[in-house]
Structures are given as structure tokens and as C-alpha cells.
Amino acid sequence: MAQYTPPLRDMHFVLHELLDVTTHLKELPAHAECDLDTINAVLEEAGKFTAEVLFPLNQSGDAEGCTLDVATHTVATPKGFKQAYRQFVEAGWPALSSDPAFGGQGLPASVGVCFAEMQNSANQAWTMYPGLTHGAYEALHAHGTAEQKAMFLPKLVSGEWTGTMCLTEPHSGTDLGLLRTKAEPLADGRYRISGEKIFISAGEHDLAENIVHLVLARLPDAPQGSKGISLFVVPKFLVAEDGGLGERNAIFCTAIEHKMGIHGNATCQLLLDGAIGTLVGQPNKGLAAMFVMMNAARLGVGMQSLGLTEVAYQNAAAYAKERIQMRSLSGTKAPDKPADPIIVHPDVRKMLLTARAYAEGGRALALYVALLIDKELNSPDEAVRRDCADQVALLTPIVKAFLTDNAWIATSHCMQVLGGHGYIRDWGMEQYVRDARINMIYEGTNTVQSLDLLGRKVLGDNGAKLKKFGQLVAGFVEEEGTNEAMQEFVNPLADLGDKLTKLTTEIGMKAFANADEVGAAAVDYLRICGHLLFAYFWARMAKVALAKQDSGDPFYSAKLATARFYFAKLLPETAMLIRTARAGGKTLMEIEEALF
Ligand SMILES: Cc1cc2nc3c(=O)[nH]c(=O)nc-3n(C[C@H](O)[C@H](O)[C@H](O)COP(=O)(O)OP(=O)(O)OC[C@H]3O[C@@H](n4cnc5c(N)ncnc54)[C@H](O)[C@@H]3O)c2cc1C
């Protein structure tokens, strides 16, 4: 049966040995007290909660799913979800990395991200309820009025209320400029909101007494397109004078979607039938305000996929050591058994190592970004804050798309390791594959992430942000230039850095003549950038492991072996990607629409 052990050893390695987070946190007044013991103690407890409370509900939640009572518009989550949520709230977990001014514990994002990974390994569908809540908290924290903050933030931070993001409408997905939901101003400064939203995750449920919906809608005089969208906070129950629950608001779940995965999360159609809401931020600037939530959610989706990659790997590795089939090509390895365990077969190892390299590389990248966020939000130095914000902006679409694409590959490989047993339900592996697929679609499809990266973040600022990251890579390459033991890692890293620079210039030139060239290259381009990041972090991890390889701790020899596997077997994908990116858009665009 499925199993999960929180990867605390690897988290400690990344946090303390690779990134030395506590030294960085000491420079941030808000986190200066957060020492190694505190971090490790929190992760230990978080690991227990995820493995002991959330994980046992993953397969049962998937099998049972959510049910809607159409008459009352109420949704029941699978058995056990509610109790687990109560335990989560009682233990104070929702407040982990929120602002102490609103009841949060103020721990750094670097710790919050580790918890997010573990929650998602244990139960992605359940984790989406508090995950969206944290996104709503961030948007209101950044753009809410003092009154809105006082009304909603303490309840979101405590977990008493949950949150959602309501963007999508039947005719408006990627192109939010098409949305039609209307907001009519009332005499008291509030708004009456009407429209239909679809695909709203955690849009209705029985885990908490109130749901705080953040809704995109148009004011009556709004300009057409994305410049005419405003953001509103629309609670399921209006808030009474004493801060408790008031009248039921006119926002109702009319249906829940039947879907491929994440069955334990209610994906809702919501009808806003003149619901009362208040404006968040400036009129017609709703997309900018919502972007706070969307960026948090994009990193969150990366964590969903990292979590799935890790848990799929653990289960496939355990299975491969037990399952015996055929003999090793190079001679019997388990003479006491009628056949060898399948882990002796090179291709089984390749599939396992692919998942492992994606999990450990993804963890290094994600925690690096989390530390950048901590600095962006808390550094006393304005230049550091700006620099970190630039890096976070550049890396966010890569974390979202590269980690989610990798999880799709990794979970599929892990299913293959289990053979036919991977395809049937009992082992839990097919659920990971199904759950992983949505992560490439929502929060802006991975194509949209790639356009954001290449079009806006790279070409849009003439490569300035990319250059900053390039300097980091170049600095490391130079530092290790004379270290013989590091050449096998540093040379391919430097080579890819050079090729990416040339490719960026080439696409930029082509794009002047034809903007479709950006769209034709963007997906390949993002994947090349993802590999550059992974090569950088795998090289840095190899450096730490090389220094410790005489310690006798097998953790370091495994780390080094995985680094070598990554450079030998996964990084070369970039050669093909560079070719396809350079091949341009002509072959895509020359076929007439009618011939499709
Ligand atoms: C289970 C689930 C949960 C969800 N949760 C939420 C939620 O909580 N809140 C919410 O608001 N929404 C949610 N969504 C909606 C989700 O974010 C959208 O499905 C997604 O943004 C894509 O929109 P769409 O489905 O309308 O596809 P479309 O926008 O119609 O896109 C279809 C295809 O066209 C491509 N495409 C579109 N424009 C371009 C372009 N310019 N260049 C290249 N390719 C393009 C897309 O990449 C995609 O492949 C959820 C969806 C699902 C299935």
C-alpha cells in the first residue's frame, strides 16, 4: 500500500548545507530569531501531521470525492477531511508563515514552503483548501483596506474561514479580459455582484464556517478588456458588526465538476446572484491586485507537483526493491530468490533516478525562491528587496511550469516502475498521475507561463532580469573553474549558460520581424531555463556532497550519484530543445486553419 516518509533529511540538507538559510535570515529583522533548531523542530512536527493525519485520507478522499446537495447548495468533503482540518486549525498550522499583526506566527516562507511540499505529498486535494486561503490572505494583506484587513485577515490566518480565487468564467479562462461578471455600486460604498464563475477550487465545502471569495468583476463604466477588471471580496456569509457571521450572501454553488483527479477538492460552479462585496485595491486595477494571489498560487502549484514527485518516487523505489522479475542482464543478483528485484534493471533505475533528480532539484530551486521571497519582503536594504523581487518574478513561471511538467514525467515513470500494478488503484500510483495533470493547466497553463517568461520577463526588459541570474551562474562557474573535481558539473553548466544567451538574442531578433516567433519558442525556452536552474543547483549540491563524501554518510554519495545522473541523462535534453526552439514558427504557422 502507498507510503510516505517526509524527506526531512533532504530538507535539512537544502536549507542548512546548501542555502545556509539561518545566516540569511539573521539579516532580516523579522526572522532574525529563527534558528536551526526552531526550523528543524517545526519541520519535524509538520512531517508528523502530514504523514499521520493527511496521508491516510488521500486514497479514500480520491475514491469518495465531494458531493453537492443542490437544494441547500452545500458540499460535503470526503470522510475525515473535516476532522483533519479541525486538527490543522487547532494546532495553529494555518498561521505558520503569516503576519503576527494578524495572529500569524511569522515564520519565514522557507519553512512554509517545506510544509507545503509535505502537505501536497500527503494529500494534494485536501491541501488546496488551506492553500487557496493563504493566497487570499496574501492578496488582502497587500491590497486590502484597513477595515478589510481587520475583518478578514485574523479569520483567514487562524483558519476559521477559508478563501478562494474566482477568476474563470465559461467563456473566459486564459483571457480574463473577456470576463463579464458585473459589479454595481450601492449607495453605502459596497457593490452588488452578479455573474457566473466556473472551476472554482474549494468554492464550497464543510471545513469552515465561512468562505472568503476574491472575485474579479467589471464596474459599469469599466473599459473593455483586461484594463477594466476590478477585484472584490465577497464572503459567503456577510460579516456582522461583532466580526462574526451575518446574513447569508447571494453566492451559491450550483454544481461541482466531475474530473480526472484531485477528487477530494470541490471544483465549483458559483452563481453570484447580486452578492454583496467590497472593492479591493483601485477600480479597474483588479488584475494587478489579483496577481499577488496568482503569484503565490503559482509557486503553490509548483509545490503541489514537487510533493507528488517525491511521494511517487518513494513508492516506486520501495516497490522496485521488493518486486522480483527476471534476472539482471549482468548476472544473478539475488540467488536466494527465483528472480532479481527489478531495481537491478538499468531502465527501472533510470525512471527512479529521473523522479529523484526532479524531486531533489525541484526542492533546491523552490527553497531558493522561498528565501528570495523572505528577503524581498523583509530585507532592511531597499536594493536587496528590489533585486530579490526581480529574481522571484523571473523564477516564478519556471517553478510553476518546469516543476509541474517534471511531475507529470516523474509520476508517469513511477507508474511504469510498478508495471500493471501502477495502473490499477490499490497501490495509489495512478492517483498521483491523475492529480499531477491539473497542475500543468490551472494558475495559467504552462504555455501561458512560458509566454510570461520569454515575452514579459526576458525580452520585455531586454534580458535585464535574466542577466542577473546569469551573473550568479557565471560567478559560480568562475569560482569552481580551477576545481578539478567540479569540472564534470561546471563545464556543462557554463556551456548551457552561453547557449541560452545566444538563443535569447536569436529569438529576440526574430521576434522583431514576427511576434509569433516568441510563441513558437516559448515552451522550449522555459524548459531550457528550468534545466539551467537545475544544472546550477545540482552543481552546487554536488559541491557540498564532494566536500562531505569522506564522512561515511551514504546521503552524500547518493547525492553525488544523483547529480551525475542528472548531468549525464537529463540535462542533455537541452540540446534537442535548443534545436526545436531555433527551428522557429514557420512549420507551425504555414498550414492553413481549414486543413487542421
Ligand atoms: C480542477 C480545476 C481547478 C481550477 N481552479 C480554479 C480556481 O480556483 N479559480 C479560477 O479562477 N480558475 C480555476 N481553474 C481554471 C483554470 O485556471 C483554467 O482552466 C485555466 O486558466 C485555462 O483556462 P481555460 O480552461 O478556459 O482554457 P483556455 O483559456 O480556453 O485555453 C485553452 C488552450 O489554449 C491555450 N492558449 C490560450 N491562450 C493562448 C495564447 N495566448 N497563446 C498560446 N496558447 C494559448 C491554453 O494554453 C490552453 O492550452 C481551475 C480549473 C480546473 C480544471
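The model is predicted. Its largest nonpolar core has 190 residues. The ligand is surrounded by 19 residues.

**Gln124**

- Gln124 sits in helix α6, which covers residues 109-143.
- Gln124 counts as buried because its relative accessible area is 1%, and the cut-off for buried is under 20%.
- The side chain of Gln124 makes a polar contact with the side chain of Asn439, at 2.9 Å.
- Beyond its neighbours within four places in sequence, Gln124 is in contact with Asn58, Gln119, Ile262, Gln304 and Leu308, among others.
- The list of contacts of Gln124 also includes Asp435, Ile438, Asn439 and Tyr442.

**Helix α7**

- Helix α7 runs over residues 146-158 and has 13 residues.
- From first C-alpha to last, α7 reaches 18 Å, close to the 18 Å expected at 1.5 Å a residue.
- Where does α7 kink? The kink lies at Phe152, shortly before the proline Pro154, and is about 35 degrees.
- Phe152 is also one of the buried residues of α7. Gln148, Leu153, Lys155, Leu156 and Val157 are buried too.
- These buried residues pack against helix α6 and several strands. The strands are β3 (161-166), β6 (210-217), β7 (230-235), β8 (237-239) and β11 (267-280).
- Gly159 follows α7. The phi of Gly159 is positive, near 90 degrees.

**Nonpolar cores**

- Which residues have the most contacts inside the largest core? They are Leu214 and Tyr525.
- Helix α16 (residues 516-548) gives this core its largest share, 20 residues.
- A second, separate core has five residues. Among them are Ala125, Met128, Val301 and Tyr442.
- Leaving out residues up to four places away in sequence, Leu214 touches Ala136, Ala139 and Leu140, among others.
- Leu214 also touches Thr164, Met165, Cys166, Leu231, Phe232 and Val233.

**Ligand site**

- Which residues are closest to the ligand? They are Thr168, Thr174, Phe199, Ser201 and Thr445.
- Thr174 uses its side chain: an N or O atom there is 2.5 Å from an oxygen atom of the ligand.
- Phe199 uses its backbone: an N or O atom there lies 2.8 Å from a nitrogen atom of the ligand.
- Leu167 has a backbone N or O atom 2.9 Å from an oxygen atom of the ligand.

Conventions: Residues are numbered from 1 along each chain as its sequence is written. This is a predicted model: local features need pLDDT of at least 70, side-chain atom pairs count only at pLDDT 80 or more; totals for chains, interfaces and linings use all residues. Side-chain values use heavy atoms; hydrogens and water are left out. Helices (H or I, at least four residues) and strands (E, at least two) are DSSP runs, numbered from the N terminus. Buried means under 20% relative accessible area, exposed over 50%, partly exposed in between (1.4 Å probe, protein chains only). A polar contact is a pair of N or O atoms within 3.5 Å; within protein, one must be able to donate a hydrogen and the other to accept it, and residues adjacent in sequence count only if both atoms are side-chain atoms. Contact means heavy atoms within 4.5 Å. The expected span of a helix is 1.5 Å times one less than its number of residues. The bend at a residue is the angle between axes fitted to the seven residues ending there and the seven starting there. A nonpolar core is a set of buried Ala, Val, Leu, Ile, Met, Phe, Trp, Tyr and Cys residues joined through side-chain atoms within 4.5 Å. A residue is near a molecule or strand if one of its heavy atoms lies within 4 Å of it.
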